[in-house]
Amino acid sequence: MQFFALLAFFAVFASRVLALQITVAPMGNVSANQFLDVSDQTVKTNCQDSCAPANTAINACTDDTCLCDTATLTAITACQQCMFNDLIHRFATSDDPRVGSSPALAAYTTACNLSATTAKEFVLAPPSDWNGPFGQGLNTAATAFGVALALFLGIGCITVVNTM
Ligand SMILES: *[C@@H]1O[C@H](CO)[C@@H](O)[C@H](O)[C@H]1NC(C)=O
Ligand SMILES: *[C@@H]1O[C@H](CO)[C@@H](O)[C@H](O)[C@H]1NC(C)=O
């Protein structure tokens, strides 16, 4: 009895491992259920709501057809888009190549053998409130702090020179 339970467990486990392999450089192959299981806890928390439908969709799939259907891919793209926006808004980068990443998303559509035309529907766009490299992620408080810090350091340098 226990033996069969164990066997069933490994059968399930093996089928999970054999399912869709996404080649995410430089990580190597990840399975679909690891694709959104990112190590960046901040982004994971911030995008919990946007990524929940994608995680639910992936976990409900039992074959590659389901993992690659429009509904699943749309949910995954929404999750990636949230992580992408979050990084930009926080002016952050991530060590995890799966976080808000166009190449990772492209790797997923490649693993699904999507045609170039279909794959184009699942890409990341710059956040709608993104206003170029200057305003990006710098709110007024951060800018004021930066100016104050620069002033402080500048005055510090002058003081050092004057007392020498
Ligand atoms: C990664 O997945 C690809 C596509 O399924 C496969 O061709 C390749 O052998 C895999 N590589 C490893 C290291 O498992
Ligand atoms: C994509 O194509 C490769 C090679 O023909 C095949 O092994 C793989 O199962 C296909 N993947 C899907 C999701 O259909």
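Reply: Happy to! Helix 4 (residues 48-60) and helix 6 (residues 70-89) have axes that come within 8 Å and cross at roughly 145°. This is a predicted model, where local features need pLDDT of at least 70 and side-chain atom pairs pLDDT 80 or more, while totals for chains, interfaces and linings use all residues. Residues are numbered from 1 along each chain as its sequence is written, chains are lettered from A and ligands numbered from 1 in the order written, and side-chain values use heavy atoms, without hydrogens or water.

Helices (H or I, at least four residues) and strands (E, at least two) are DSSP runs numbered from the N terminus. Axes are lines fitted to C-alpha atoms, for helices over the stretch in contact, with angles from 0 to 180 degrees between N-to-C directions. The crossing of helix 4 with helix 6 is left-handed, meaning that the near helix is turned anticlockwise from the far one by less than a right angle.

On the helix 4 side, the contact (heavy atoms within 4.5 Å) involves Ser-50, Cys-51, Pro-53, Ala-54, Ala-57 and Ile-58. Their partners in helix 6 include Thr-72, Ala-75, Ile-76 and Met-83. By class, this contact has 11 nonpolar, two polar and no charged residues; Ala, Val, Leu, Ile, Met, Phe, Trp, Tyr, Cys and Pro count as nonpolar, Asp, Glu, Lys and Arg as charged, and the others, Gly among them, as polar.

Now the ligands. Around ligand 2 (a heavy atom within 4 Å) sit Leu-20, Asp-64, Ala-111 and Asn-113. The protein covers 36% of the 370 Å² of accessible area (Shrake-Rupley, 1.4 Å probe) that ligand 2 has on its own.

For the backbone, the peptide bond from Ala-25 to Pro-26 is cis, with omega near -5°. Pro-26 belongs to the loop between strand 1 (21-24) and strand 2 (28-31). Phe-91, in the loop between helix 6 and helix 7 (102-111), has a positive phi near 55°.
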